[in-house]
Amino acid sequence: FRLNCSHRRDGDFERVYPLIRKYAAEMGRKVECLGDLQGPKFRVGELAADPVDLVEGDILEFGISVDDDDKIRPGRITMKPTKEQSALVLAAKVGIDLLIEDGLMKVNVVEKLSDTELKVKV
């Protein structure tokens, strides 16, 4: 049985795991459980308007949304202010590559503006 940790909400596994064990025992079956630990990801926010083309060599702002109106627009990529995404931006160092949206986009950190804002090169 695979427990997908990428889409886990608080309390999900604590509720589901005992049920798996209970029904496996009732059926007399040995059921293995696997916790799929993909790890943290950058998930970009909402678009302000039309899709934004990323052109190789462009320099963009990359940061945590300051409010609900701080959406993706030309020259800026934003992310929702989750605990995980805030920690990833905080830990980012100049020179590292960031993979966004399951590796569909890759940018390189060229400047750290603050604990929540970076400049990146496509």
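Residues are numbered from 1 along each chain as its sequence is written. Since this is a predicted model, local features need pLDDT of at least 70, side-chain atom pairs count only at pLDDT 80 or more, and totals for chains, interfaces and linings use all residues, while side-chain values use heavy atoms, with hydrogens and water left out.

Let's start with confidence. Helices (H or I, at least four residues) and strands (E, at least two) are DSSP runs, numbered from the N terminus.

Now, the sheet. Five strands form an open sheet in the order β4-β3-β7-β6-β5, with mixed pairing; two strands pair if DSSP finds at least two bridges between them. β4 and β5 stand at the edges with a single partner strand each, so one side of each has no neighbour in the sheet. On average, neighbouring strands are turned by 35 degrees against each other, direction ignored.

How do the strands pair? β3 and β7 are antiparallel over five bridges, and isoleucine 59 has lysine 121 in β7 as its bridge partner. β6 and β7 also run antiparallel, joined by four bridges, and they form a hairpin with four residues between them. Here valine 109 is partnered with valine 120 in β7. Finally, β5 and β6 pair in the antiparallel sense over four bridges, and isoleucine 100 stands opposite methionine 105 in β6.

Helix α2, residues 83-91, packs on the sheet and touches β3, β4, β6 and β7; contact means heavy atoms within 4.5 Å. The direction of α2 makes about 135 degrees with that of β3. Axes are lines fitted to C-alpha atoms, for helices over the stretch in contact, and angles run from 0 to 180 degrees between N-to-C directions.

And what about the core? A nonpolar core is a set of buried Ala, Val, Leu, Ile, Met, Phe, Trp, Tyr and Cys residues joined through side-chain atoms within 4.5 Å, where buried means under 20% relative accessible area (1.4 Å probe, protein chains only). The largest one has 13 residues, of which Phe62, Val89, Leu98, Val109, Leu118 and Val120 touch the most other members. β3, β4, β5, β6 and β7 each supply at least two residues of this core, and β3 gives the most, with three.

Conventions
Buried means under 20% relative accessible area, exposed over 50%, partly exposed in between (1.4 Å probe, protein chains only).
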